[in-house]
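Q: Could you walk me through this model, starting with the overall fold and then going into the contacts between side chains?

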Amino acid sequence: MDKQKTIDALNQLIIINNDRIEGYNTAADGTEDADLKRLFGRLATNSQRFKSELSTEVQRLGGEEADGTKVTGKMFRAWMDVKAALTGKDRKAVLNSCEFGEDKALESYKDVLHNDREHLTPEQFNIISAQKQIIKADHDEIKKLRDAAANASS
């Protein structure tokens with residue numbers, strides 16, 4: 001097992017969770033819908049916990065935790081879309097952008113579980129798999145709310 005590759009894989013997920021924390025804090029601050037405020041707060045809290053679990057593993061390996069976000073490319077555009085939708089108070093657009101962000105988080109988790117499995121201990125693999133399942137459930141909840149908002153506006 002290549003320790004640096006393990007650290008890099010874990011840090012990739014830390015960055016994704018930093019994106020989720022920042023995005024959902026922005027979304028919670030920008031919405032007036034109490035149910036979305038609670039949901040976004042819970043999702044940011046989930047990501048804080050995930051980040052902490054991953055950081056513990058990085059530190060255990062003697063590595064440095066990645067900080068910052070992946071403020072380039074598609075993730076940045078997704079959260080900018082959230083901000084734009086919040087100013088227009090468009091519930092469906094906010095949820096659509098959040099779902100896109102969750103899609104990207106799931107892709108990152110799947111990538112690490114598939115491409116970096118040989119660099120993960122069984123415990124790390126289980127931690128990441130469990131986090132992925134929660135993110136999948138979060139994604140599905142957002143999609144359900146988005147679909148309900150779409151049906152309500154048509």
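The chat below goes from the overall layout to single residues.

Q: Before we start, what kind of model is this, and how are the residues numbered?
A: This is a predicted model, in which local features need pLDDT of at least 70 and side-chain atom pairs count only at pLDDT 80 or more, while totals for chains, interfaces and linings use all residues. Residues are numbered from 1 along each chain as its sequence is written, and side-chain values use heavy atoms, with hydrogens and water left out.

Q: Okay, how many helices and strands does the protein have?
A: There are five helices and zero strands, where helices (H or I, at least four residues) and strands (E, at least two) are DSSP runs numbered from the N terminus. Along the sequence the pattern reads α-α-α-α-α.

Q: And what share of the residues is buried?
A: Of the 154 residues, 45% count as buried; buried means under 20% relative accessible area, exposed means over 50%, and partly exposed lies in between (1.4 Å probe, protein chains only). The accessible surface comes to about 7,900 Å², of which 49% belongs to carbon and sulfur atoms, with areas taken from the Shrake-Rupley method with a 1.4 Å probe and, for residues, only the protein chains shown counting as cover.

Q: What about contacts between residues at least 6 apart in sequence?
A: Among those contacts, 78% join residues at least 24 apart, a contact being heavy atoms within 4.5 Å.

Q: Let's look at α2. What should the helix span, and what does the model show?
A: Helix α2 covers residues 34–60, and its 27 residues should span 39 Å at 1.5 Å a residue, which agrees with the 39 Å between its end C-alpha atoms. The expected span is 1.5 Å times one less than the number of residues. Just after α2, Gly-62 takes a positive phi of about 85°.

Q: Which helices do the buried residues of α2 pack against?
A: They pack against α1 (3–30), α4 (91–115) and α5 (122–153). The buried residues of α2 include Leu-36, Leu-39, Phe-40, Leu-43, Phe-50 and Val-58, and among them are also Asn-46, Ser-47 and Glu-57.

Q: Where is Gly-41, and is it buried or partly exposed?
A: Gly-41 lies in helix α2 and counts as partly exposed, because its relative accessibility is 27%. The C-alpha atoms of Gly-41 and Ala-28 are separated by 6.3 Å, although the two residues are 13 apart along the chain.

Q: Switching to aromatics, how many pairs turn up?
A: A search of the whole structure finds one aromatic pair. The ring centres of Tyr-24 and Phe-40 are 5.6 Å apart and their planes lie at 25°, so the pair is stacked. The pair links distant parts of the chain, with Tyr-24 in helix α1 and Phe-40 in helix α2, 16 residues apart. Rings of Phe, Tyr and Trp (its six-membered ring) pair if their centres lie within 6.5 Å, and planes under 30 degrees apart count as stacked, over 60 as edge-to-face and the rest as tilted. Both Tyr-24 and Phe-40 are buried.

Q: Now charges: how many salt bridges are there?
A: The count comes to 14 salt bridges, each being a side-chain nitrogen of Lys or Arg within 4 Å of a carboxyl oxygen of Asp or Glu.

Q: Which one involves Asp-33?
A: Asp-33 meets Arg-91 in a salt bridge (2.9 Å, N to O). This pair links distant parts of the chain, since Arg-91 is in helix α4 and Asp-33 in the loop between α1 and α2, 58 residues apart.

Q: And what does Glu-141 pair with?
A: Glu-141 forms a salt bridge with Arg-42, with the closest N and O atoms 2.5 Å apart. Glu-141 is in helix α5 and Arg-42 in helix α2, 99 residues apart. Both belong to a network of salt bridges that also links Arg-20, Glu-102 and Asp-138.

Q: Is Glu-102 buried or exposed, then?
A: Glu-102, in helix α4, is buried, with a relative accessible area of 0%. A polar contact of 3.0 Å joins its side chain to that of Tyr-24; a polar contact is a pair of N or O atoms within 3.5 Å where, within protein, one must be able to donate a hydrogen and the other to accept it, and residues adjacent in sequence count only if both atoms are side-chain atoms.
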